[in-house]
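Thanks for asking me to look at this model. Here are my notes, as numbered points, to read beside the sequence and the structure.

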Amino acid sequence: MFNVRNVRRTHIAATFVSALLCASLWSSTACAEVVQIVYTSDQHYGISRKSFRGEKKVSATKVNAAMVEAINDLPGLTLPPDNGVMAEKPVGWIDYVISTGDIANRMEGTQEKAPMTATACFDLFMTQYGKGLTVKDKDGKPAELLAVPGNHDMTNAVGFFRPMYPEKDDGAMRAMTEMSTGKKPGKDFDPYARPVTLDREKDGLHLLLMGIWPDTASRRWMAEKLAAMPEGEPVLLFTHMPPDLTANRLTNPNGDHGLNPKDGFENLTPDVASVNTTKERPLREHRELAAFLKEHPSIRAYFHGHENYNEFYDWQGPDYTISLPTFRVDSPMKGDVSGGNETELSFLLISADTDTGLMTVREVLWNTNASDTTTWGQTRTVSLKDSRK
């Protein structure tokens, strides 16, 4: 396991070079098999960092603008000599930019001290990321921006057990549902009615994205998608929560199943908790997820945010029945480590080669000298092939 708390990083200075066409570096057949993804999470518009680049109380708008600029600079960077996919070659292109939620911050507050609404937060996200990103894919088309909700986005839509102002705002959830379905939700929009899901396929790699956590409804959707895929096609799973979901995110099993401070459940998924208190570990839910992942070995890696620090590890389930490469990503605003040390601010660059069956995930440290200097942090290469074959 690689953990930011106990692993000494090796920072490799990234060299800026002129962006070169893929065909001028190596054959078009080879480069056509590599899919590259920028992965980030937990933008948390509506709050401030204690400090950033010499300033105090810096808004999420300013911090995220700086991170978008760092993402836009990626194509001109040279990848480190780590023996991974495309090592020592220019990044060159980005196919997708993915955020797994908490784009809005929870709207806890009062009318006198009102926070930024979920609608306003998502509008800012689409302005800064949707319009501000300039990275392009191998064909010269804009990289596709994909987003699914986190617990804060969902909470703003369904309410919370502590006061919020306004009491509800489903703007971010509506926008991500429209991104998912291609249709604008109607007046009778129900955040519980359909999980926000996205699937994409490119060059033999399949991406499955879902809001919050792979609950019963999301697993049912995944099973349908997986059944329709070519045998052996590798799949990457992106969601907000880690595999070890905490009980408070599930629906309250007590009384009328409602939101209340005594029980503390958040009702973020229709799955009713198998335990009666939020302090208990929901082992049944963890076992159900582990069984699903074991049944579908084409899912080769799990990516998540929520806990706001970078970590590369293997999720083994509560009974050690699987070992799935799992990648946790940092937050630009609420980093467990980078919140106190801005030189640790990072996002992930994923380079997946479906020809060789390898994927390299690299930590991009984009604020290492409290300026615009970018370096490479942790790196891990894993197999995209079914280990059972």
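Is phenylalanine 125 buried or exposed? Phenylalanine 125 is buried, with a relative accessible area of 0%. Here buried means under 20% relative accessible area, exposed means over 50%, and partly exposed lies in between (1.4 Å probe, protein chains only).

1. Ground rules. This is a predicted model, in which local features need pLDDT of at least 70 and side-chain atom pairs count only at pLDDT 80 or more, while totals for chains, interfaces and linings use all residues. Residues are numbered from 1 along each chain as its sequence is written, and side-chain values use heavy atoms, with hydrogens and water left out.

2. The chain overall. The protein chain has eight helices and 16 strands. These are DSSP runs numbered from the N terminus: helices are H or I with at least four residues, and strands are E with at least two. Of the 389 residues in the protein chain, 56% are buried. Among contacts with a separation of 6 or more, 66% come from residues 24 or more positions apart; a contact means heavy atoms within 4.5 Å.

3. The phenylalanine pair in H4. Back to phenylalanine 125: with phenylalanine 122 it forms a tilted aromatic pair, 5.5 Å centre to centre and with 45° between the planes. Rings of Phe, Tyr and Trp (its six-membered ring) pair if their centres lie within 6.5 Å; planes under 30 degrees apart count as stacked, over 60 as edge-to-face and the rest as tilted. The two residues are three apart in helix H4 (residues 118–131), and so about one helical turn separates them. Phenylalanine 122 is also buried, at a relative accessible area of 4%.

4. Other aromatic features. The structure holds nine aromatic pairs. One aromatic cluster is formed by Tyr39, Phe238, Phe303, Phe312 and Phe327.

5. How H5 meets H6. Two packed helices are described by the angle between their axes and the distance between the axes. For helix H5 (residues 151–158) and helix H6 (residues 171–181), the axes come within 7 Å and cross at roughly 115°. Axes are lines fitted to C-alpha atoms, for helices over the stretch in contact, with angles from 0 to 180 degrees between N-to-C directions. H5 and H6 are therefore roughly perpendicular to each other; the classes are under 35 degrees for roughly parallel, over 145 for roughly antiparallel, 65 to 115 for roughly perpendicular, and oblique for the rest. Asp153, Met154 and Ala157 of H5 make the contact with Ala172, Met173 and Met176 of H6.

6. Eight of the eight residues of H5 are buried, so H5 is largely enclosed by the rest of the structure. Its cover includes H4 and H6. In H6, the buried residues are Gly171, Ala172, Met173, Met176, Thr177 and Ser180, and their cover includes H4, strand E7 (144–147), H5 and E8. Threonine 197 lies in that strand E8 (residues 197–202); threonine 197 is buried at 3% relative accessibility. Leaving aside residues up to four places away in sequence, threonine 197 touches Ser180, Leu209, Met210 and Trp221.

7. Backbone geometry worth a look. Most residues other than glycine have a negative phi, and most peptide bonds are trans. Tyrosine 165 and proline 166 are joined by a cis peptide bond, with omega about -5°; proline 166 is in the loop between H5 and H6. Asparagine 267 has a positive phi near 55°; this residue sits in the loop between strand E10 (235–239) and H8 and is buried at 7% relative accessibility. Histidine 306 also has a positive phi, near 75°. Histidine 306 is in the loop between E11 and strand E12 (311–315), and is buried with a relative accessible area of 16%.
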